[in-house]
Amino acid sequence: MSTGLAVGIHDLSFATTEFVLPHLELAGHTGADPAKYHVGLGQRSMSIAAADEDIVTMAASAAAPLVARWGADRIRTVVLATETSIDQSKAAGVYVHSLLGLSPAARVVELKQACYSATAAVQFALGLVHRNPGQLVLVIATDVSRYDPDSPGEATQGAAAVAMLVGADPVLLRVEEPSGLSTVDVMDFWRPNYRSTALVAGRESVTAYLQALEGVWKDYTEQGGRPLGDFRAFCYHQPFTKMAHKAHRHLLGFTGNVVDEDRIAAMLALTTAYNEVVGNSYTASVYLALASLLDHADDLDGEAIAIASYGSGSVAEFFGVTAVPGYREHLRTEEHRRAVERRRPIDFAAYRELQAHALPVDGGHHPLPRQTTGDYRLAALSGHKRVYERR
Ligand code: CAA
């Protein structure tokens, strides 16, 4: 049912980590041909969290500029999507709510379904805005992607948070009805509670992703969605950026469209600029693709953009957004460039040391090394409690 109210994404900002590991450095130690990473996977570097960074510090860094621009008063709901949760009970968003000084008159929850749940968060937020168009919902996707050392997934790690304000009469993007949906019970990628790194059936996960794309497109069409040719650009979940190429080629192929490699490459390059240097940020990845498109495309005023969200396990969703005329005045391109460029390169030994770093579990007071120069840090673990501080 359409109420005629325009709802969508009012603002969008991302943050990433203190450190970065170039794939050239990784290749020097794994023995892989750098071209496998650069060309085969489409990755140049990956964001690595400092010992005093986590999903909360990245989430607060991503969301703070939104609160600074639009104020805290109208934010009555915070939905934080992650698959690298830090607590089985307390929502990570409660720490973020506190770090940002949001009003106590708010609800805060955490959502999980692999890399997909930020899209569920956006859709749920739209429902809340329809009930109360005066409010803004803060949606945050934040993840640190980790695979076992020396596993095929190691080169596809990364970390980032994307914060979005969802509201009525958005200045960036209107979110359209309908959505195409798909849920299939498949074990392509998962992380049992006792593990800090993900398990993955690599090749099968690529196939599962492509099958889910077929499923969401079929449903999108049956629900009365736009024809494929209407979309000026396609933002895909990018576990590695070459996956977007596989996905788009597949979508064009099974819908009977011409696969023109040059056109695909030119369009997708606009969406992969951040992910190819940040790596897989799980829930944030497809919205990092969207940020990249908005920051790098010439002019999308009034144009339709497709969002294809995939989370292993699996749940997927396909929907359209329209760029609001004048949206470019509200972009954060310069801040996003700085977030990527401020990262400090580390060598392989420092990277492996950070990956091996585990938080103590004895309940004692453990200050954490001061490594990040960002605005928020995880200062200590004390009595099994996380202690955050703001610069
Ligand atoms: N020069 C150029 N290209 C090269 C090359 C070279 N020297 N050497 C290899 N390549 C190419 C290969 O031909 C291959 O390309 P195609 O996929 O087009 O065939 C590509 O580089 C990768 O090579 P391999 O298939 O040999 O790589 P791999 O087996 O070591 O690992 C992977 C690939 C399975 C994707 C692995 O990185 C992985 O397990 N990643 C994590 C899982 C993942 O990201 N899955 C994606 C779908 S699931 C999802 O989307 C959810 C999520 O976020 C995890």
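Visitor: Which residues in α1 meet residues in α2?

Guide: In this predicted model, His 23, Leu 24, Leu 26, Ala 27 and Thr 30 of α1 meet Pro 34, Tyr 37 and His 38 of α2. By class, this contact comprises five nonpolar, three polar and no charged residues.

Visitor: Why is α1 called oblique to α2?

Guide: Helix α1 (residues 23–30) and helix α2 (residues 34–41) pack at an angle of about 135°, and their axes lie 8 Å apart. That angle makes α1 oblique to α2, because roughly perpendicular covers 65 to 115 degrees and roughly antiparallel requires over 145.

Visitor: How do you know that Thr 271 is buried?

Guide: Thr 271 has a relative accessible area of 0%. Buried means under 20%, so Thr 271 is buried. This residue belongs to helix α8 (residues 261–272).

Visitor: What makes the pairing of Thr 271 and Gln 238 a polar contact?

Guide: Their side chains are joined at 3.3 Å, and the cut-off for such a pair of N or O atoms is within 3.5 Å. Beyond four places in sequence, Thr 271 is also in contact with residues including Phe 234, Cys 235 and Leu 293.

Visitor: Which residues have the most contacts inside the largest nonpolar core?

Guide: They are Leu 173, Phe 234, Tyr 236, Tyr 287, Leu 290, Ile 305 and Phe 318, in a core of 95 residues. Helix α6 (residues 202–222) contributes the largest share, nine residues. Apart from this core lies another, of 34 residues, among them Met 58 and Leu 80.

Notes. Residues numbered from 1 in each chain as written. Predicted model: local features only at pLDDT ≥ 70, side-chain atom pairs only at ≥ 80, totals over all residues. Heavy atoms only, no water. Axes fitted to C-alpha atoms, helices over the stretch in contact; angles between N-to-C directions. Helix = DSSP H or I, 4+ residues; strand = E, 2+ residues; numbered from the N terminus. Parallel < 35°, antiparallel > 145°, perpendicular 65-115°, else oblique. Contact = heavy atoms within 4.5 Å. Nonpolar A, V, L, I, M, F, W, Y, C, P; charged D, E, K, R; others polar. Core = buried A, V, L, I, M, F, W, Y, C linked by side-chain atoms within 4.5 Å. Buried < 20%, exposed > 50% of the residue type's maximum accessible area, 1.4 Å probe, protein only. Polar contact = N/O pair within 3.5 Å; in protein donor to acceptor, adjacent residues only side chain to side chain.
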